[in-house]
Amino acid sequence: MTPAERIRVFIAGDIYPKRGLVRRFLEDDGYDVVGTTASQKAMVARIRAGEPDAVVVDGDLLVAGAAGGTLARIREAVPDAKVIVFTGGPAASGPPAPSGADGYLEKGVGLSALTALLGNMFVAEPPRIVQPAATVTAAAVSGKASRALGVWQGSAAEQAAEMVP
């Protein structure tokens, strides 16, 4: 990847060692980290100054109750940038992730998930998905037969219940 092709990333997080680790991991993987901040007050101005292609934000920096507003200000500052939020974990253990980001990752999933997500966001042409004929023709089939062919017509909760032995 040439310097002109490198994806420019800004990192916002409140804990220095984590920001440093994310920065080093991204740089080692060929990304250009254009800035970091731990300051919630200065975050939007610093993001604007860095002119990133992507912004990685620790959900802890997003003010509870105003997270959507913070994401909206980031989008106003860099309208073409992709925004990824690291959330605190499953919804059962804390408040839900704020809406408005392009991607969400739970803390602790590993930094390779971040580079995979960034890579997928900046693919020049999305991969074409060709559905097998069985899936296409199974649309008219219902119940267990359609599930066997890879088509599910129920809710996600129903599908999860079916998967549990």
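**Salt bridges.** I searched the whole structure, a predicted model, for salt bridges and got five. I looked up one of them, the pair formed by Asp32 and Arg8. Their closest N and O atoms are 3.8 Å apart. The cut-off I used is 4 Å, so the pair counts. Next I checked where the two partners sit. Asp32 belongs to strand β2 and Arg8 to strand β1. They are 24 residues apart, so I noted this as a link between distant parts of the chain. Side chains of opposite charge can pair when their charged atoms come close.

**Sheet.** That pair sent me to the strands. What is their order? I read β2-β1-β3-β4-β5. The sheet is open, has five strands and pairs in parallel. I then looked for the edges and found β2 (32–37) and β5 (103–106), each pairing on one side only. From one strand to the next, the twist averages 20°.

I picked β3 (residues 54–58) and β4 (residues 82–87). They are joined in the parallel sense by five bridges. For Ala54, I found Lys82 as the bridge partner in β4.

**Helices on the sheet.** Which strands does helix α2 touch? I traced α2 (residues 43–50) and found it packed on the sheet, in contact with β1 (8–12), β2 and β3. Its direction makes about 165° with that of β1. I did likewise for helix α4 (residues 111–121), which also packs on the sheet. Helix α4 touches β1, β3, β4 and β5. Its direction makes about 160° with that of β4.

**Helix α1 against α4.** I turned to helix α1 (residues 16–28). How far apart are the axes of α1 and α4? I got 10 Å, with a packing angle of about 55°. The two helices are therefore oblique to each other. Their crossing is right-handed. I listed the contact residues. Helix α1 supplies Leu21, Val22, Phe25 and Leu26. Helix α4 supplies Leu111, Ser112, Leu114, Thr115 and Leu118. I sorted the residues of this contact by class: seven are nonpolar, two are polar and none is charged.

Notes: Residues are numbered from 1 along each chain as its sequence is written. This is a predicted model: local features need pLDDT of at least 70, side-chain atom pairs count only at pLDDT 80 or more; totals for chains, interfaces and linings use all residues. Side-chain values use heavy atoms; hydrogens and water are left out. Two strands pair if DSSP finds at least two bridges between them. Helices (H or I, at least four residues) and strands (E, at least two) are DSSP runs, numbered from the N terminus. Axes are lines fitted to C-alpha atoms, for helices over the stretch in contact, and angles run from 0 to 180 degrees between N-to-C directions. Contact means heavy atoms within 4.5 Å. Angles under 35 degrees count as roughly parallel, over 145 as roughly antiparallel, 65 to 115 as roughly perpendicular and the rest as oblique. A crossing is left-handed if the near helix is turned anticlockwise from the far one by less than a right angle, and right-handed if clockwise. Ala, Val, Leu, Ile, Met, Phe, Trp, Tyr, Cys and Pro count as nonpolar, Asp, Glu, Lys and Arg as charged, and the others, Gly among them, as polar. A salt bridge is a side-chain nitrogen of Lys or Arg within 4 Å of a carboxyl oxygen of Asp or Glu.
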